[in-house]
Amino acid sequence: FIFFITSLLLFIIGAFGVFLSRKDFIIILISLELMLLALIEIFNIFVFLDDILGQIYALIVLTVAASESSLGLALLIVYFRLRGGILIDLINLLKA
């Protein structure tokens, strides 16, 4: 039961990080990663119930989190090279 409360607390902290810091791209990425890791912890709780499906879901979420962070960092590098700074307010300038 304590694992569920811990993962719920991590998910809430990640959600606050996404919604409260809309100007900093790196904080948004870190908060999304924290939310995904909280979901992985919830899926791993089901492993204690002798359910392998929770562990399979955890591996799928982990691969999605890794691809999300690599894509986000690649976009961040491209944006930094184009503008010389990282401000979310000016992200609309990348639209074609």
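Reader: Is Q55 buried, partly exposed or exposed?
Author: The structure is a predicted model, in which local features need pLDDT of at least 70 and side-chain atom pairs count only at pLDDT 80 or more, while totals for chains, interfaces and linings use all residues. Residues are numbered from 1 along each chain as its sequence is written, and side-chain values use heavy atoms, with hydrogens and water left out. A residue is buried under 20% relative accessible area, exposed over 50%, and partly exposed in between (1.4 Å probe, protein chains only). Because its relative accessibility is 36%, Q55 counts as partly exposed.

Reader: Which residues does Q55 touch, not counting residues up to four places away in sequence?
Author: Q55 is found in helix α3, residues 52-83; helices (H or I, at least four residues) and strands (E, at least two) are DSSP runs, numbered from the N terminus. Between Q55 and N44 the C-alpha distance is 5.7 Å, although they are 11 residues apart in sequence. With contact meaning heavy atoms within 4.5 Å, the residues that Q55 touches are F43, N44 and V47.

Reader: How far apart are the end C-alpha atoms of helix α1?
Author: The expected span of a helix is 1.5 Å times one less than its number of residues. Helix α1 (residues 2-20) has 19 residues and should therefore span 27 Å; this agrees with the distance between its end C-alpha atoms, 27 Å.

Reader: Which residues of α1 are exposed on the face turned away from its buried side?
Author: The buried residues in α1 are S7, G14, A15, G17 and V18. They lie on the same side of α1, because they cover an arc of only 160° around the axis, taken from the directions from the helix axis to the C-beta atoms. What covers them includes α2 (25-45). The face turned away carries the exposed residues I2, L9, F16, F19 and L20.

Reader: What is the relative accessible area of I2?
Author: The place of I2 is in helix α1. I2 counts as exposed because its relative accessible area is 58%.

Reader: What percentage of the residues in the protein are buried?
Author: Along the sequence the protein follows the pattern α-α-α, with three helices and zero strands. Of its 96 residues, the buried share is 25%.
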